[in-house]
Every structure is written in C-alpha cells, then in structure tokens.
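Hello,

Here is the structure I promised to pass on to you. Have a look at it, and then read my notes below.

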Amino acid sequence: MQAAERHKQYEWKPSRLWYGIGRAVFALLFHSLWPLTIRGRENVPRNGAAIIVSNHVSMLDPFVVGYGAGRIVNFMAKEELFRTPIVGWFVRKLGAFPVDRARRDAASLRTALTVLKEDELLGMFPEGTRGTGDGLLEFRTGALRLASRTRAPIVPTAVIGTEEALPRKKFVRPARLAVHFGPPVEVTELYDNPKDPEAMERAIEAMKAAVQALHDSID
C-alpha cells in the first residue's frame, strides 16, 4: 500500500453558513409539516467531542438528530450519497463524510478521529443501514472502537416518526417526530481492554439497550 493511501482521509469541514441555512429550513419544517419534540438535549455536551449513536429508519434521521442536538453533528454517511454531485456537495457542507460499508474503511476512520480530536460531535448509525422500524438491527463496533481510542463519550439517541415522514421510495408525508438523547453509555471497560471480545460484546449490548430504552420511552 502506498504511503499516500495509508494516510488518506476524506474531505471534511462543515460550512457554518450552509449549516445555518439548512437549520433554518428544517426549523420551518419541524414547526409545520413535521412537528418535532426534543428530549434530553442536556445530555449532549455543549463543548468538546462526543459520539452520537442513533437508530436509523429514514434519510431524514441525520437532519432530526443534528437539529435536536443544537450543535453541528458531523455524520459518517454511506459513500453512495457522495456519488451524486449536488447531493454530495450539500452533505459535505453539512459536515458529512463518506464510509465504505462493504469493507474496513481506514480513511473514514481517520476522518472520524480527526472530527473527535477537534472537539466536534460525530454522528453514527451503528446498525450500518436503515432498518424497518420493527426493531433494532445488530450494532457494529465502530463507535465503540473510536470511543476506546479517544475517550469521547457515547450519547445514545433515538428517533421516532421519520419512517412515516419520509418513507423509502414514497412521497413526503406529514408526521409527528421525536428525538431523545440519553445519558452517556458507560464503556470505560474498553479503555484498558479495547481488543477484549467479551468486553466489546458487553459494550455493544449496553449501547444497543440504551438506544432501545430511549426508543421505547417515546414510542
């Protein structure tokens, strides 16, 4: 592998101007077409790094999470979004960067580490893809591995109603939405044992259970 490839990172730097414009647009939508209830915003650090992990059922989810958090949330997003020039340009302006879900994407990992080292919020969907809303899919380990390396807190998050507001391959519909941010998940066991499979399994279950509990509390 060439040195340039070993140190490659994806382009990342959100535009506060475009993020502000996007936030203003969604503020109108969340007060009209999609009334949004926000709970637990106090659990999102006002300053410093943190990893926001959420369930995922709709393309609308990152916008709901980002709006609810009250800070710029830089999402790791599937690379397919970046193949369309206009969409790719727009989501980059909002702080998103691509990840290849079919393989271990070292460039995406390095970009995520940079986001956290610059004391920003990183957004991740640990299911790895959109679910159906009938229950959480299996969680991947990426957020936990990043937390073990950076000590960034993991903030469990649940989104409700977005699968009705913006369903797959259907038109936009009015719906009531909610986003709930919970207290950080305790994963300190991984700090000293990041490669311990049993510790990782316990941390995955704790993270998943926290998201599920938040989801059930606002269902």
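**Contacts and overall build**

In the protein chain, 73% of the contacts with a separation of 6 or more are between residues 24 or more positions apart, where contact means heavy atoms within 4.5 Å. Please keep in mind that this is a predicted model, in which local features need pLDDT of at least 70 and side-chain atom pairs count only at pLDDT 80 or more, while totals for chains, interfaces and linings use all residues. Residues are numbered from 1 along each chain as its sequence is written, and side-chain values use heavy atoms, without hydrogens and water.

The protein chain has nine helices and seven strands; these are DSSP runs numbered from the N terminus, with helices (H or I) of at least four residues and strands (E) of at least two. Its C-alpha trace spans about 50 × 40 × 35 Å along the principal axes.

Of the 219 residues, 49% count as buried, meaning under 20% relative accessible area, with exposed over 50% and partly exposed in between (1.4 Å probe, protein chains only).

**Two residues to look at**

Asp119 lies in the loop between helix 5 (106-117) and strand 5 (121-124). Its phi is near 60°, a positive value in a residue other than glycine, and Asp119 counts as partly exposed because its relative accessibility is 46%.

Arg151 sits in the loop between helix 6 (142-150) and strand 6 (154-160). Here phi is near 65°, again positive in a residue other than glycine, and at 42% relative accessibility Arg151 counts as partly exposed.

Best wishes
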